[in-house]
Amino acid sequence: MSRHVRITHRASGEIIAEGPIGLFGITPFEGNYYIARKYLKTARLKPNWIPGLCVYKFLYVWLDLQLPDGTREPSIGWMYWLPNPLFFFTAFRPAVPQASPVLSVQEIA
């Protein structure tokens with residue numbers, strides 16, 4: 001049986017992602033989760049257009065969580081927009097840290 005996780009914004013209860021752990025689901029890599037679009041459960045992650053550069057995964061932009069009440073959680077995640085093809089599982093996938101004070105990660109059945 002495969003492991004499934006649910007990633008939730010603690011303060012609002014907004015579910016960010018829910019799905020199986022694995023290469024084609026929610027991929028753990030370097031202390032982060034890279035989320036396949038199929039398992040992304042919110043449309044509220046929006047690019048804030050602040051760029052970042054990883055020397056081997058290349059160019060990304062930070063993502064803010066825009067909440068229904070008008071508030072936002074800044075730079076909660078990121079997405080590689082010019083990715084290194086060797087790390088295809090990071091390409092165009094929203095990513096969040098596995099350990100974040102604003103996120104809750106639960107294993108689900």
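This is a predicted model: local features need pLDDT of at least 70, side-chain atom pairs count only at pLDDT 80 or more; totals for chains, interfaces and linings use all residues.
**Ground rules.** Local features here need pLDDT of at least 70 and side-chain atom pairs count only at pLDDT 80 or more, while totals for chains, interfaces and linings use all residues. Residues are numbered from 1 along each chain as its sequence is written, and side-chain values use heavy atoms, with hydrogens and water left out.

**Entry 1, the elements.** I looked up the secondary structure and found zero helices and nine strands. Helices (H or I, at least four residues) and strands (E, at least two) are DSSP runs, numbered from the N terminus.

I read off a C-alpha trace spanning about 40 × 35 × 20 Å along its principal axes. I also checked burial: 46% of the 109 residues are buried (under 20% relative accessible area; exposed is over 50%, partly exposed in between, with a 1.4 Å probe and protein chains only).

Where does Thr-42 sit? I found Thr-42 in the loop between strand 4 (32-35) and strand 5 (45-54). Thr-42 is buried, with a relative accessible area of 8%.

Leaving aside neighbours within four places in sequence, I see Thr-42 in contact (heavy atoms within 4.5 Å) with Glu-14, Ile-15 and Ile-16. The side chains of Thr-42 and Glu-14 make a polar contact at 2.7 Å. A polar contact is a pair of N or O atoms within 3.5 Å; within protein, one must be able to donate a hydrogen and the other to accept it, and residues adjacent in sequence count only if both atoms are side-chain atoms. I also noted the backbone nitrogen of Arg-44, 3.0 Å from a polar atom of the Thr-42 side chain.
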